Amino acid sequence: MRVAVIGSGSWGTAVAGLLGEKGNEVRLWARRKALADAINTEHRNPDYLSSYTLSENISASSDFAWVLDSVEVIVMVVPSYSIRSVAEEMKAFVSPDTPIVVLTKGIEKTTSLILTDVLAEVLGNNNRMAALSGPNHAEEVSRKKPTAAVVGAQDPHIAKMIQELFFTDYFRMYTSDDLLGVEILAAAKNIIAIAVGINVGLGFGDNASALLMTRGLAEISRLIKKLGGNPQTAMSLAGMGDLITTCISENSRNRTFGYAFSQGESLEDYQKRRHMVVEGANAVISVRELAHKHGVEVPITEAVYQALYEDKDIEELISALFSRAPRDEFYGL
């Protein structure tokens, strides 16, 4: 197949490599022409996963007209904050029926829309949209370490096609009809990872980390149910699977940001130092807004928001979480 991968960061590079190794013609979009030229010349990305060799059937360009010409699938891997603007740039070159799968994990901050809905607003035809999510560190995928993901789509034929496109002997794929749940979980688990990073930085221990992960998954499930999704999706690779990896891995930018924040580093300074976007810091704004709008209790999300954007004392916020009235474990579900 001819596949367009839109985004040349670490995840976009790893995905391009995976799809290229399966014999697909992969067209990788890079915003900077100099980066695209370097990828074509060196068969590697000098900025991300620089030791990862890309096969010769992967070509890069900054020209959407060329990247999107006659492609059969579009894979979106740009940061959530730029997905709308990038879609606007792509619009003139995208066929109305070409399947689009989103690998970016986030919610649009200004509208609180899931990213497939953002793309549908700009590019049309919501039925061709899908979202792929799971515990998928780019570095491990590039090294062919065992990995799995789930693709959510309204159209089962789209889900099946994406499943077959990505499936390899080291990258296992499952399907789901709960596109909404897959996307909400992909964004919200980053918020919980920030909370776990803060907890680790303050030295509160493994028990508290497990508590945050478990109750974090519960509050996300409540929100998914209220929005019309399936709360059981929280038990999937997009939910529990991705949450565990994001919360325990020292490669997780959201967890490592939480740790750095607990030590006094600001969000702005962390992102500048790491040259990476902390998606959870954006998602917490949208998830909190959605929860307030629909009357869903999300105490961990609320605490992370107040710590990041209202300068509330972290230890006081943790004390407030523990002083909440005890409830039935599955209330709201």
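**View 1. Strand S6 and its partners in the sheet.** In S6, Ile100 has Met129 as its bridge partner. Strands here are DSSP E runs of at least two residues, and helices are H or I runs of at least four, both numbered from the N terminus. The model is predicted: local features need pLDDT of at least 70, side-chain atom pairs count only at pLDDT 80 or more, and totals for chains, interfaces and linings use all residues. Residues are numbered from 1 along each chain as its sequence is written, and side-chain values use heavy atoms, with hydrogens and water left out.

S5 and S6 run parallel, joined by three bridges. Two strands pair if DSSP finds at least two bridges between them. On S7 the sense is antiparallel: strand S6 (residues 129-133) and strand S7 (residues 147-153) share four bridges. There, Ser133 has Val150 of S7 as its bridge partner.

How many residues of S6 are buried? Five of its five are. Buried means under 20% relative accessible area, exposed over 50%, and partly exposed in between, with a 1.4 Å probe and protein chains only. Met129, Ala131 and Ser133 point one way from S6, while Ala130 and Leu132 point the other way. In a regular strand the side chains alternate between the two faces of the sheet.

View 2. Eight strands form an open sheet with mixed pairing, in the order S3-S2-S1-S4-S5-S6-S7-S8. Strand S3 (58-61) and strand S8 (171-176) stand at the edges. Each has a single partner strand, so one side of each is left without a neighbour in the sheet. From one strand to the next, the twist averages 25°.

H4 lies across strand S1 (2-6), strand S2 (25-29), S4 and strand S5 (100-102). H4 runs at about 150° to S4. H10 lies across S6, S7 and S8, at about 145° to S7. Axes are lines fitted to C-alpha atoms, for helices over the stretch in contact, and angles run from 0 to 180 degrees between N-to-C directions.

View 3. Val77 sits in the loop between strand S4 (73-76) and helix H4 (83-90). Val77 counts as buried because its relative accessibility is 11%. Beyond its neighbours within four places in sequence, Val77 is in contact with Val5, Ile6, Gly7, Trp11, Gly12, Leu103 and Thr104. Contact means heavy atoms within 4.5 Å.

Thr98 lies in the loop between H4 and S5. Is Thr98 buried or exposed? Thr98 is buried, with a relative accessible area of 8%. Not counting residues up to four places away in sequence, Thr98 touches Val71, Glu72, Val73, Ile74 and Arg128.

**View 4. The nonpolar cores.** The largest nonpolar core has 45 residues, and Ile184 and Phe257 touch the most other members. A nonpolar core is a set of buried Ala, Val, Leu, Ile, Met, Phe, Trp, Tyr and Cys residues joined through side-chain atoms within 4.5 Å. Several helices each supply at least two residues of this core, among them helix H8 (179-202), helix H9 (206-227) and helix H13 (279-294). H8 gives the largest share, 11 residues.

Leaving aside its neighbours within four places in sequence, Ile184 is in contact with Ile107, Ile114, Ile220, Leu223, Ile224, Leu227 and Leu290. A second, separate core of 39 residues includes Leu18, Ala60, Leu103 and Ile162.

**View 5. Aromatic rings.** The structure holds five aromatic pairs. Rings of Phe, Tyr and Trp (its six-membered ring) pair if their centres lie within 6.5 Å; planes under 30 degrees apart count as stacked, over 60 as edge-to-face and the rest as tilted. Phe166 and Phe171 form a tilted pair, 6.3 Å centre to centre with 40° between the planes. Phe166 is buried at 1% relative accessibility, and Phe171 is buried with a relative accessible area of 1%.

Tyr305 and Tyr309 have ring centres 5.4 Å apart and planes at 45°, so this pair is tilted. Being four residues apart in helix H14, they are separated by about one helical turn. Tyr305 is buried at 16% relative accessibility, whereas Tyr309 is partly exposed at 33%. Phe257, Phe261 and Tyr270 form one aromatic cluster.

**View 6. Charges over rings.** The charged end of Arg288 sits over the ring of Tyr305, 3.9 Å from its centre. The charged end of Arg27 sits over the ring of Trp66, 4.0 Å from its centre. A charge sits over a ring if NZ of Lys or CZ of Arg is within 6 Å of the ring centre and within 35 degrees of the ring normal.
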